[in-house]
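Subject: Structure for your review

Dear colleague,

Please find below the structure that I am handing over to you. My notes on what was found in it follow, and I would be grateful if you would read them with the coordinates open.

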Amino acid sequence: MKYVLSHLSEIKKMIEEESGPALLLDFDGVLSAIAPTPAEAFISEENKKLVKACAERFPVAVITGRKLTEIKEKIGITGLLFVASHGLEWEENGKHHIKPIPKETIEAINLAKEKIRPLMSSYPGMIYEDKSFMFAVHYRIMNKELVDAFIKEITSILEPIVKQHKLRLDHNLMTFELRPEINWDKGDSVLFAKEYFQKKGKRKEKPIPIYIGDSDTDEDAFVALKENGITIRVGKTKKSSAKWYMSDQKEVGVFLKWLLSLQLPPI
Ligand SMILES: [Mg+2]
């Protein structure tokens, strides 16, 4: 991985060779700093201004695991492409789309929700986040002494349910997340956004996707854009498919500012 702010001329060249950038952004840990609870995460006024300015110059999408209604409220900018709930729903031009989920899968998730929610009384600091057809459980603010037992208990409840149904369980950044396995991950979400912008653009040349993400679930997106894209991970890690990294979330604003300073063809 290369430090992105030291290789901006290389990135500039890649953008110039194509028809400008299409900016694809994760929310948590990228536009917002990681907050103790999901509700507390917010986009700073500075980043909001930058994203708005970017959207006036080139296509911008927000790719997130959060629900569509929630991410729209958090971002507060209209006219972006939103790919939410890990690609289960998206909105373009104010039009809401949902992917069909089998009834049996929804029932299995509801069963898991019923079993997990009551754990809150035994584990103070557990945060349960209901996301309609999926859910997440965070233990970032839990007392460290409880964490091992908590992980063991939650895994023993969820693993059998995951095995029996088409579900996907992720455990990353002190968060468990259970969702339908619909063979759709952030990789599919970024390819969807990339194709959407390429079809929408009037020019023959296609914009080059730039994806910025910060966690292991973003690795699918980095892999998907390996051949034709600019992939940046927030936080240097030993193993990542992203070509570049940023030291921390604050550098996202620095990068967006740089992007805005480029002479780019109009969209
Ligand atoms: Mg993230």
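Is His-86 buried or exposed? His-86 is buried, because 26 other C-beta atoms lie within 10 Å, and the cut-off for a buried residue is 20 or more. Please bear in mind throughout that this is a predicted model.

His-86 and Ser-85

His-86 belongs to the loop between β4 and β5. Its phi is near 55°, a positive value in a residue other than glycine. Ser-85 is placed in the loop between β4 and β5 (89–92) as well. Ser-85 is not a glycine either, yet its phi is positive, at about 45°. Ser-85 is buried, since 25 other C-beta atoms are found within 10 Å.

The chain as a whole

The protein chain contains nine helices and 13 strands. Along the principal axes, its C-alpha atoms fill a box of roughly 55 × 40 × 30 Å. For 267 residues, a compact globule would have a radius of gyration near 18 Å, and the 19 Å of the protein chain agrees with that. Buried residues account for 37% of the 267 residues. Of the contacts in the protein chain with a separation of 6 or more, 59% are between residues 24 or more positions apart.

Two helix pairs

Two packed helices are described by the angle between their axes and the distance between the axes. Two pairs are described here in those terms.

The pair α2 and α9 comprises residues 45–57 and residues 250–261, respectively. Their axes are 10 Å apart and meet at an angle of about 30°. That angle makes α2 roughly parallel to α9, as angles under 35 degrees count as roughly parallel. The crossing of these two helices, α2 and α9, is left-handed. On the α2 side, the residues that meet α9 are Glu-46, Asn-47, Leu-50, Ala-53, Cys-54 and Arg-57. Their counterparts in α9 are Val-252, Gly-253, Leu-256, Lys-257, Leu-259 and Leu-260. By class, this contact of α2 with α9 consists of seven nonpolar, two polar and three charged residues.

The pair α4 and α6 has an angle of about 165°, with the axes 10 Å apart; α6 spans residues 144–164. Here α4 is roughly antiparallel to α6, because the angle is over 145 degrees. The crossing of α4 and α6 is right-handed. From α4, the residues Ala-108, Leu-111, Ala-112, Lys-115 and Ile-116 meet Ile-154, Ile-157, Leu-158 and Ile-161 of α6. The classes in the contact of α4 with α6 are eight nonpolar, no polar and one charged.

Three further residues

Glu-107 is a residue of helix α4, which runs over residues 103–116. Glu-107 is exposed, because it has 11 other C-beta atoms within 10 Å and the limit for exposed is 12 or fewer. Between Glu-107 and Lys-74 there are 29 Å in space, C-alpha to C-alpha, and 33 residues in sequence.

Lys-194 is part of helix α7 (residues 186–200). With 23 C-beta neighbours inside 10 Å, Lys-194 is counted as buried. Not counting residues up to four places away in sequence, Lys-194 touches Ala-22 and Pro-209. Lys-194 and Lys-49 are separated by 145 residues in sequence and by 23 Å in space, C-alpha to C-alpha.

Ile-77 sits in the loop between α3 (68–75) and β4 (81–84). It has 16 other C-beta atoms within 10 Å and is therefore partly exposed. Neighbours within four places in sequence aside, Ile-77 is in contact with Lys-48, Val-51, Lys-52 and Ala-55. From Ile-77 to Asn-183 the distance is 29 Å, C-alpha to C-alpha, and the two are 106 residues apart in sequence.

With kind regards

Terms used
Residues are numbered from 1 along each chain as its sequence is written. This is a predicted model: local features need pLDDT of at least 70, side-chain atom pairs count only at pLDDT 80 or more; totals for chains, interfaces and linings use all residues. Helices (H or I, at least four residues) and strands (E, at least two) are DSSP runs, numbered from the N terminus. The radius of gyration is taken over C-alpha atoms; the globule rule is 2.2 Å times the number of residues to the power 0.38. Two residues are in contact if their C-beta atoms, placed from the backbone, lie within 7 Å. Axes are lines fitted to C-alpha atoms, for helices over the stretch in contact, and angles run from 0 to 180 degrees between N-to-C directions. Angles under 35 degrees count as roughly parallel, over 145 as roughly antiparallel, 65 to 115 as roughly perpendicular and the rest as oblique. A crossing is left-handed if the near helix is turned anticlockwise from the far one by less than a right angle, and right-handed if clockwise. Ala, Val, Leu, Ile, Met, Phe, Trp, Tyr, Cys and Pro count as nonpolar, Asp, Glu, Lys and Arg as charged, and the others, Gly among them, as polar.
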